[in-house]
Amino acid sequence: MNQAPPALDVVDETFLAVPPSTVAAVFADPRSWTRYWPDLVLEVYTDRGDQGLRWTVRGALVGTMEVWLEPVLDGTLLHYFLRATPADAAGTPRALAPRELRREFDRRARAAKAIALGLKEILEDGREPGVPPRDEG
């Protein structure tokens, strides 16, 4: 049986001037998931350690989501992928009108970028690319 492709395919990339292990620690805590994606229920199906996580998604959407942490230069390229379809309260995929689907895509894309930029601000703590991290001592 052929399954319909996901209605939403959100992709985002943001560079953070911190090591992948620093970013991975944020996503390793399941409590952060409900803070970042309050209307989604996530279940890890691949834990890639410092390279990120892959989840199945239930709740307002059904599908998959991934955070891939790629070491680049002196930091991490945070890749975000969401491939999912809006769902009703019972978790059944539901079709949205094209205008509603565009709004939902935009909302999810903006939320992904807000998460990444929020992490950038907190984790980098003012550090510029190419400048060593501040001494903790």
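Which residues touch the most other members of the largest nonpolar core? They are Phe27, Trp37, Leu42, Trp55, Met65 and Tyr80, out of 28 core residues. Such a core joins buried Ala, Val, Leu, Ile, Met, Phe, Trp, Tyr and Cys residues through side-chain atoms within 4.5 Å. Buried means under 20% relative accessible area, with a 1.4 Å probe and protein chains only. E1, H1, H2, E2, E3, E4, E5 and H3 each supply at least two residues of this core.

This is a predicted model, where local features need pLDDT of at least 70, side-chain atom pairs count only at pLDDT 80 or more, and totals for chains, interfaces and linings use all residues. Residues are numbered from 1 along each chain as its sequence is written, and side-chain values use heavy atoms, leaving out hydrogens and water.

The protein has three helices and five strands, in the order β-α-α-β-β-β-β-α from the N terminus. These elements are DSSP runs: helices (H or I) of at least four residues, strands (E) of at least two.

Helix H1 spans residues 20-28, and its buried residues are Pro20, Val23, Ala24, Val26 and Phe27. Down the axis of H1 they fall within an arc of 155 degrees (from directions to the C-beta atoms), so they line one face of the helix. Their packing partners are tabulated here.

| Element packed against by buried H1 residues | Residues |
|---|---|
| strand E1 | 8-16 |
| helix H2 | 30-36 |
| strand E3 | 52-59 |
| strand E4 | 61-72 |
| strand E5 | 75-86 |
| helix H3 | 98-124 |

Leu42 is in contact (heavy atoms within 4.5 Å) with Trp33, Trp37, Trp55, Thr56, Val57 and Met65, leaving aside neighbours within four places in sequence. Buried residues make up 35% of the 137 in the protein.

Methods: Buried means under 20% relative accessible area, exposed over 50%, partly exposed in between (1.4 Å probe, protein chains only).
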